[in-house]
Amino acid sequence: MSGGVDSSVAATLLKEQGYEVIGMMLRLWSEPGKEESNRCCTPDSMAQARRVAAKLEIPFYVIDAKDVFHDTVVQYFLDGYARGETPNPCLVCNRQIRWTFLLNHALAFGADYMATGHYARVRSGENGSVELLRALDHSKDQSYVLHVLNQDKLRYALFPVGEYTKPEIRQIAERHALPTASRKDSQDLCFLAGDDYRNFLQRNAGNLLLPGDIATRDGNVVGRHNGLANYTIGQRKGLGLASAVPLYVITKQTANNTLIVGTQAELGSAELSARDVNWVSGEAPHESFRAEVKIRYTAKEAEAWVTPVDQDQVNVRFDAPQRDITAGQAAVFFHGDVLIGGGIIQ
């Protein structure tokens, strides 16, 4: 329970279905002095979650995860930028914090399942396996960040809100007079506390923001950047370059601290490779397969051939070039609503 409407309704739905429900909330790391702004566990969020638990007449526990969250999720974020990537810390948070650290606490309480307010679905597959599906409401679907879950985790997973649209979830919350019924959603990374990630990096890893050259692919230096971590693939504005044609960020070369720019025609690729691939079924396919591939959480799926190289690496070839393929983000593979697997773009 996070103090938001989705997890509140998840608990409500499970209680209506006859489950014995226990509420748990993670106390996550915040920068000193910013505890009031960390959207996952502010004092207000905690108070809201407690009110919901009291209304539902269920036990409520706060689990201290500050140290493990910092050492796992925040460090992953910083390490990713150090490699010249644009990391998605929600992926490692779901794998290591929610579905390992928190799940182990739930099992220690004697739980049979762990439910979250994610918009996703699970169903029984062949031979006792569990399939991970996109939410009924595709506009709110969060299966992308859950592609890291394997069969050992999914057999404990319940996603009650995945069968509903967001407006229906709001209606359920209002019908039950939940204190969180009108609480706003937030898409920001929790530990940024509403701040820009660049400011966070400046405070916590200023060594990543060393200035360097901006150059074209042929090595022509056209300007100076103020730290590779300040730029994203496909960025056009804020480069400070004078050019007869618009220039975009093409890639980052961490070895020589150079930002590579080019024209729109140079932007994008029809291929990518991904590492650390998780196959939801537990086994990599033996041959290439067709899939709809999503290259970041907000991206539209694109048709592609996915070719397993080994158990944890793939090559992806799209039917049409994709503009914003970004190292550190995840490429996730779907067959319709069924999530097949995904890995980190390299």
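The expected span of a helix is 1.5 Å times one less than its number of residues. Helices here are DSSP runs of H or I with at least four residues, while strands are runs of E with at least two, both numbered from the N terminus. Helix 1 covers residues 5–16, and at 1.5 Å a residue its twelve residues should span 16 Å; the C-alpha atoms at its ends are 16 Å apart, so the two values agree.

Before we go on, a word about the model. This is a predicted model, in which local features need pLDDT of at least 70 and side-chain atom pairs count only at pLDDT 80 or more, whereas totals for chains, interfaces and linings use all residues. Residues are numbered from 1 along each chain as its sequence is written, and side-chain values use heavy atoms, with hydrogens and water left out.

Now for the whole protein. Its secondary structure comprises seven helices and 16 strands. The radius of gyration, taken over C-alpha atoms, is compared with a globule rule of 2.2 Å times the number of residues to the power 0.38. The protein has a value of 21 Å, close to the 20 Å that this rule gives for 346 residues, so it is as compact as a globular protein of that length. Along the principal axes, the C-alpha trace spans about 65 × 50 × 35 Å.

A contact means heavy atoms within 4.5 Å. Among contacts with a separation of 6 or more, 63% are between residues 24 or more positions apart.

Let us return to helix 1, which is mostly covered, with ten of its twelve residues buried. Among these buried residues are Val 5, Asp 6, Val 9 and Leu 13. What covers the buried residues includes helix 2 (43–56) and helix 6 (166–175), along with strand 3 (114–115) and strand 6 (157–158). After helix 1 comes Gly 18, with a positive phi near 100°.

Gly 23 is buried, with a relative accessible area of 0%. Leaving aside residues up to four places away in sequence, Gly 23 touches Met 1, Ile 58, Pro 59, Phe 60 and Tyr 61.

Backbone angles give us the next stop. Most residues other than glycine have a negative phi. Ala 177 is not a glycine, yet its phi is positive, about 55°. You can find Ala 177 in the loop between helix 6 and helix 7 (197–204). Asp 276, also not a glycine, has a positive phi of about 50°. Asp 276 lies in strand 11, residues 269–279, and is partly exposed, with a relative accessible area of 42%.

Our last stop is Arg 323, in the loop between strand 14 (313–322) and strand 15 (330–335). Arg 323 is partly exposed, at a relative accessible area of 38%. Which residues does Arg 323 touch, not counting residues up to four places away in sequence? They are Gly 234, Tyr 248, Gln 264, Leu 267 and Gly 268. Although Arg 323 and Gly 234 are 89 residues apart along the chain, their C-alpha atoms are separated by 7.1 Å.

Notes. Buried means under 20% relative accessible area, exposed over 50%, partly exposed in between (1.4 Å probe, protein chains only).
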